[in-house]
Amino acid sequence: MIKAITGTKDILPNEIPNWYNLEEIVKSTMNSFNYKEIRTPIFEETRLFSRGIGEATDIVSKEMYTFIDRSETSVTLKPEMTASVVRALIEHSLDKQFQLNKFFYISPMFRQERPQAGRFRQFHQFGAEALGSTSPALDAEMIILAYQILKKLGLSNFVVKINSLGIPSSRENYKSILQDYLKPHLHNLSEESKKRYETNILRLFDSKDERDQKIMENAPTLIEHLDEASLEHFNEIKEMLQVAEIPFEVDPKLVRGLDYYTHTTFELVSGSVGSQSALCGGGRYDLLVNQLGERDVPGIGFAAGIERILLAMENEKVISETQPQIDFYIVRLEKELTKKVFEIATKLRAKNTVEFDYSQRSVKAQMREANRLGATKVLMIGGDEFQRGTAVLKNMQDGSQEEILLAEIK
Ligand code: HAM
């Protein structure tokens, strides 16, 4: 028996209405903020992600689906969209056409992580990227956009966390302060954190190890060591969020797992989905375009995990049960009328959702099926009515019936 690959899942027809609902809310909200949809290929050259996301990150060092294709090129299934969007911007010189480019996307992503509730190897993100401005208004807008989408989906049990990682020079300065603080504790750190102390020291704040967490509790934070311009940028965002009445928490430990961030980082974290609680994460990346294409275009964006959001909606009981609608179920009273039923169904399908029986079942069985499918009307073809050129139309909601002319059915 061949099964779906671990960490992937089928989205069955009964779940599809929830996906449609979410996608519609995403599209209409993105539209009202003037973000335009972009679709990029599922796979890219591996070096786009290793350069863009950072060699030392978990994603690049251990989670990418990478393979050598038949022309000896190393390609990778996209683990995130930001690097791809930046590549597309540079490749098509979109930054030269418009000063500000605002994109959104809905797409599958691939990461070989350990699967658990809310964590998959193929998952879906929607997200937004705005390239071309350093204005803190754009940082605030991005947070508000994510916030509004979750609210419109009906979620309420989540918090907005924000932080600033400043600019590289203040971050380098801070890293040595953090190193000095950690030196006497090094022998007590977990093996993973000992490694990260060398390669990616900020990620020690993300450690799930209790001993590490205890040590990090008293660690100096980056926000206490920000340069003046970064602090001002951060304060402006906070003011704008207050004006927009978006509740938020400053979390100095929010370092995020991708290397491209400068200044603002943020996450929208759910209280309804267990340990994989980040519904949405993002931040500013003013140096990424330069790193990938030697052009100075600042950017900011976020991405949200659709499976996690749907799980949160289920747990918060805000998923509405919608059944796909069947307008007509056609019941055939005599076997010989199959072709006639087929002809009427085809005609009606130009404007309606129509179903009929394909397996010569009894009239009773056909009526049961119409009920099971929740058809709003049943059209009965056959008997004396058929001889008279009419059919019986039954309204399944109130049980009433009427006779209609076959020639007038459309
Ligand atoms: P990220 O934090 O790696 O950021 O992912 C964003 C969101 O995708 C997470 O908050 C989570 O909801 C969802 N997600 C991530 N991994 C998985 C998984 N294995 N299974 C299910 N859901 C998952 C980024 O991807 C950045 N590109 C965000 C960004 C855009 N920053 C700037 N612009």
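**View 1. An open sheet of 5 strands, in the order β13-β12-β14-β15-β16, with mixed pairing.** The edges are held by β13 (354-356) and β16 (401-405), each of which has a single partner strand, so one side of each is left without a neighbour in the sheet. Neighbouring strands here are turned by 25° against each other on average, direction ignored. Strands (E, at least two residues) and helices (H or I, at least four) are DSSP runs numbered from the N terminus, and two strands pair if DSSP finds at least two bridges between them. The model is predicted, with local features needing pLDDT of at least 70 and side-chain atom pairs counting only at pLDDT 80 or more, whereas totals for chains, interfaces and linings use all residues. Residues are numbered from 1 along each chain as its sequence is written, and side-chain values use heavy atoms, with hydrogens and water left out.

View 2. Strand β14 (residues 375-381) runs antiparallel to β15 (residues 390-395), and 4 bridges join the two; L379 has L393 in β15 as its bridge partner. Helix α13 (residues 338-348) touches β12 (326-332), β13 and β14, its direction making about 165° with that of β12, where contact means heavy atoms within 4.5 Å. Helix α14 (residues 363-372) lies across β12, β14 and β15 and runs at about 175° to β12; angles run from 0 to 180 degrees between N-to-C directions, and axes are lines fitted to C-alpha atoms, for helices over the stretch in contact.

**View 3. The crossing of helices α1 (residues 16-32) and α12 (residues 306-315).** Their axes come within 11 Å and cross at roughly 110°. N18, W19, N21 and L22 in α1 meet I306, E307, I309, L310 and M313 in α12.
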